[in-house]
Amino acid sequence: MLFLFSKFKQKKWVKLNTVKRLKVYNALEQKFAKKLHREPIDVVVHPDDNWKPLGMFTNANGKRLIYLREDLLRDPKMRFHGMETIIHEGRHAYQFETINKKLPWYAFRAKKWRKNWQGYIPSAESSSAYNSQSVEQDAQKYAYKQMSKLYHKYKYEDDFVRTMQVNEYRLESADDNARKEFGIFYKHKINKMINKNAKRR
């Protein structure tokens, strides 16, 4: 898709209907899939109108999808949250591809991801543990870094600035929130949660 990033500017985005907005999100996923040397995944709207997460990467019956919450298409103010969600969930797809290959002995980060995927902590279990686990920290940092590179394109877009502030706060407060909930040994306790979840599954 030509001039993909310009389509997120408000004056262009408001002219697109939801079908075209979904096409833009799919083009964005294809772009970042290529950057990470992985297969692109279809981006679809989650069928449940009351679904709370912004997005989710799934792999069910060999079919990989990225789900988006419907208001990321409907509400123009949410378009950069949609962008961040696509990049974030696409990073999860990259993690998933990585951990399902044979890993060399020195692939310590990938081995940590593999363990985390096996004992993944959902936000409903503990939002602070969820934000501090390695696969989420990696996806959040990756998405923030990639969007920071686009600052020059969107620095006059108020919705972009607000989205970046929300994501920056989430990154900066993750460790503090985990420390408040679990104490100074929060990393050890979160690892124990991951191990416990992995044994249950």
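Predicted model: local features only at pLDDT ≥ 70, side-chain atom pairs only at ≥ 80, totals over all residues.
The lining of the largest cavity in this structure is made up, by class, of five nonpolar, two polar and two charged residues. One cavity of 30 Å³ or more is counted, while the largest pocket holds about 580 Å³ of space and a search of the whole structure gives 15 aromatic pairs.

**The cavity**

- The volume of the largest cavity is about 40 Å³, and its lining consists of Glu84, Gln140, Ala143, Tyr144, Met147, Met164, Asn167, Arg170 and Leu171.
- Two helices, α7 (134-148) and α9 (158-182), are the elements that give two or more residues to the lining of this largest cavity.

**The largest pocket**

- About 580 Å³ of space lies in the largest pocket, which is lined by 21 residues, and those closest to its centre are Pro53, Gly55, Glu89, Tyr120 and Tyr130.
- At least two residues of this lining come from each of β2, α4 (79-99), α6 (127-132) and α7, and α4 supplies the largest share, with five residues.
- Sorted by class, the lining of the largest pocket has eight nonpolar, nine polar and four charged residues.
- Lys145 itself belongs to helix α7 and is exposed, with a relative accessible area of 52%.

**The second largest pocket**

- The second largest pocket contains about 340 Å³ of space, and of the 15 residues that line it, Lys112, Ser132, Gln133, Ser134 and Asn191 are the closest to its centre.
- The elements giving two or more residues to the lining of the second largest pocket are α5 (108-118), α7 and α10 (186-200), with α10 giving the most, namely five residues.
- Three nonpolar, six polar and six charged residues make up the lining of the second largest pocket.

- Among the 15 aromatic pairs found in the whole structure is that of Trp51 and Tyr67, an edge-to-face pair with 6.5 Å from centre to centre and 65 degrees between the planes.
- Trp51 lies in the loop between β1 (42-45) and β2 (55-60), whereas Tyr67 lies in strand β3 (residues 63-68), so this pair ties together parts that are 16 residues apart in sequence.
- Both partners count as buried, Trp51 with a relative accessible area of 13% and Tyr67 with one of 19%, since buried means under 20%.
- Tyr154 and Phe160 form another aromatic pair, in this case a tilted one, with 5.2 Å from centre to centre and 45 degrees between the planes.
- Tyr154 is buried at 0% relative accessibility, and Phe160 is likewise buried, with a relative accessible area of 0%.
- Tyr154 and Phe160 also belong to one aromatic cluster, together with Phe8, Trp13, Tyr25 and Phe80.

**A charge over a ring**

- The charged end of Arg91 is placed over the ring of Tyr142, at 4.5 Å from the centre of that ring.

Note on methods: Residues numbered from 1 in each chain as written. Heavy atoms only, no water. Phe/Tyr/Trp six-rings, centres within 6.5 Å; stacked < 30°, edge-to-face > 60°. Helix = DSSP H or I, 4+ residues; strand = E, 2+ residues; numbered from the N terminus. Buried < 20%, exposed > 50% of the residue type's maximum accessible area, 1.4 Å probe, protein only. Lys NZ or Arg CZ within 6 Å of the ring centre and 35° of its normal. 1 Å grid on protein atoms, 1.4 Å probe; cavity = no way out; pocket = protein on both sides within 12 Å on 5 of 7 lines; lining within 4 Å. Points joined across faces, edges and corners; volume = space filled by probe spheres on them. Nonpolar A, V, L, I, M, F, W, Y, C, P; charged D, E, K, R; others polar.
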